[in-house]
Amino acid sequence: MLKKILISSVLLSTAVFAMDKEIVGPTATMQVIEANLDFEARIDTGASKTSLNAFDLKIEQPAKKMKDNIGKTIWFTTENARGEQKRLSAKIVSTSTVSNSQGIETRYLVELNISYQGKARKVEVNLRERQHMDYKLLIGRNWLKDKYIVDVSDKQIIGPVAPISIVETGLIYETRIDSGAVENSLHAVDIKIENGVEDMEQNVGKMLSFTTENEKGESRRVKARVVETSLIRNAQGSEVRYMVELNVGEPGKEYKVKVNLKDRTKMSNKFLIGRNWLQGHYLVDVSL
């Protein structure tokens, strides 16, 4: 019992700790403040240090051994993916030996301010010629540590209400984003089942038609196949609804998902997005 309590405490403290951090995707637009240049950066949790595209390195009174140049000023040129260049200078703070598929190499480290969404962090950055690489800036663990969590699924952020398109209807709905709801729910009236019977379960697989309407009063008649039924429990009790598959999303970013059909005439939002659409794709920010 004590072991379970200790594990639960650790998990809870980890979750609370994680909530204090911001989320960044596998790539992000970042700025090197000293260069005043934007870079499309690769976020790499496998790299201990951040790495910047740098070439034409020049050191004042260079020594033969790289470590003997620590403390000296280094000049270098950096370039982003758009071909924009800037000549910079910085003090060498250390050297770093890096092992990769090309072998082992030693690089100079300087301190630079890397900014993301207006928030800058000064970190050690190793200088390496990355002209042949897709990403001219690589963000390592030293920039991420204690501040950011990396979400490799690259989820987008959506507010509590958003304009959502349903391809089959040709309409845009001012949609309520509800992370408490398991399923999506669409306003539908005058539902007709082809060769329908009273037992709803026996209508699975049949075609149905229904009329839907958005918040602007625009209406459409839609046909779809019943893929299953869903038992919904709420404050009013429980009810069984038909579910169909529709292409749902922000305009131009729709994907197929199951939607239950419900008369939402008395509701402000004619379409409700639940977790089955959000999961794996979106994070909800209720402050938007």
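**Overall form and selected residues of a predicted protein model**

Of the 288 residues of the protein, 39% count as buried, where buried means under 20% relative accessible area, exposed means over 50% and partly exposed lies in between (1.4 Å probe, protein chains only). The structure is a predicted model, in which local features need pLDDT of at least 70 and side-chain atom pairs count only at pLDDT 80 or more, while totals for chains, interfaces and linings use all residues. Residues are numbered from 1 along each chain as its sequence is written, and side-chain values use heavy atoms, with hydrogens and water left out.

The secondary structure consists of three helices and 22 strands; these are DSSP runs numbered from the N terminus, with at least four residues (H or I) for a helix and at least two (E) for a strand. The protein is more spread out than a compact globule, because its radius of gyration is 27 Å, well over the 19 Å that the globule rule gives for 288 residues. The radius is taken over C-alpha atoms, and the rule is 2.2 Å times the number of residues to the power 0.38. Along the principal axes, the C-alpha atoms fill a box of roughly 90 × 55 × 35 Å.

Contacts (heavy atoms within 4.5 Å) were also examined. Among the contacts with a separation of 6 or more, 54% are accounted for by residues 24 or more positions apart.

Strand β6 (residues 73-79) is mostly covered, with five of its seven residues buried. Strand β5 (residues 55-59) pairs with β6 in the antiparallel sense over three bridges, pairing being assigned if DSSP finds at least two bridges between two strands. The bridge partner of Ile59 in β6 is Ile74.

Ser96 belongs to strand β7 (residues 85-100). With a relative accessible area of 13%, Ser96 is buried. When neighbours within four places in sequence are left aside, Ser96 is in contact with Glu105, Thr106, Arg107 and Leu109.

For Asn36, phi is about 55 degrees. Asn36 is located in the loop between β2 (27-32) and β3 (37-43) and counts as exposed, at 56% relative accessibility. For Asp190, phi is about 50 degrees. Asp190 is located in strand β16 (residues 189-193) and counts as partly exposed, at 44% relative accessibility.
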